[in-house]
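Please work through each task before reading its solution.

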Amino acid sequence: MTIDWLAFFTVVIASLVSACLVVTLFSLGLRLGDGKAAWRRPVSVTMFVLCGIAVVFGLYLIVGDHLMVLFGAA
């Protein structure tokens with residue numbers, strides 16, 4: 001059994017970057033949502049939407065092919 005270490009480190013780096021991105025977007029959404037300025041609410045909602053898109057894209061990358069088979073799109 002051989003391990004493709006380059007692919008392993010690629011997955012580790014991609015996981016760390018995506019986890020940091022999701023946590024940063026969510027925390028910015030929380031931080032901007034509690035202010036009184038009018039611009040903060042839409043920016044907060046945008047951060048939550050971007051966070052959701054990143055999570056859904058990650059799920060698609062993990063199980064995307066299986067979902068296409070399940071729903072008959074492939």
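A residue counts as buried under 20% relative accessible area, as exposed over 50%, and as partly exposed in between. The model is predicted.

**Exercise 1.** Determine whether Leu21 is buried, partly exposed or exposed.

Solution. Leu21 is found in helix 1. The relative accessibility of Leu21 is 45%. Because this value lies between 20% and 50%, Leu21 counts as partly exposed.

**Exercise 2.** Check the span of helix 1 against its number of residues.

Solution. Helix 1 covers residues 5-33, which gives 29 residues. The expected span is 1.5 Å times one less than that number, so helix 1 should span 42 Å. The end C-alpha atoms of helix 1 are 42 Å apart, which agrees.

**Exercise 3.** Identify the buried residues of helix 1 and state what their cover includes.

Solution. Leu25, Gly29 and Leu32 are the buried residues of helix 1. Helix 2 is included in what covers them.

**Exercise 4.** Describe the surroundings of Arg40.

Solution. Arg40 lies in helix 2, residues 40-70. Its relative accessible area is 17%, so Arg40 is buried. Leaving aside residues up to four places away in sequence, Arg40 touches Arg31, Leu32, Asp34 and Gly35.

Note on methods. Residues are numbered from 1 along each chain as its sequence is written. This is a predicted model: local features need pLDDT of at least 70, side-chain atom pairs count only at pLDDT 80 or more; totals for chains, interfaces and linings use all residues. Side-chain values use heavy atoms; hydrogens and water are left out. Helices (H or I, at least four residues) and strands (E, at least two) are DSSP runs, numbered from the N terminus. Buried means under 20% relative accessible area, exposed over 50%, partly exposed in between (1.4 Å probe, protein chains only). Contact means heavy atoms within 4.5 Å.
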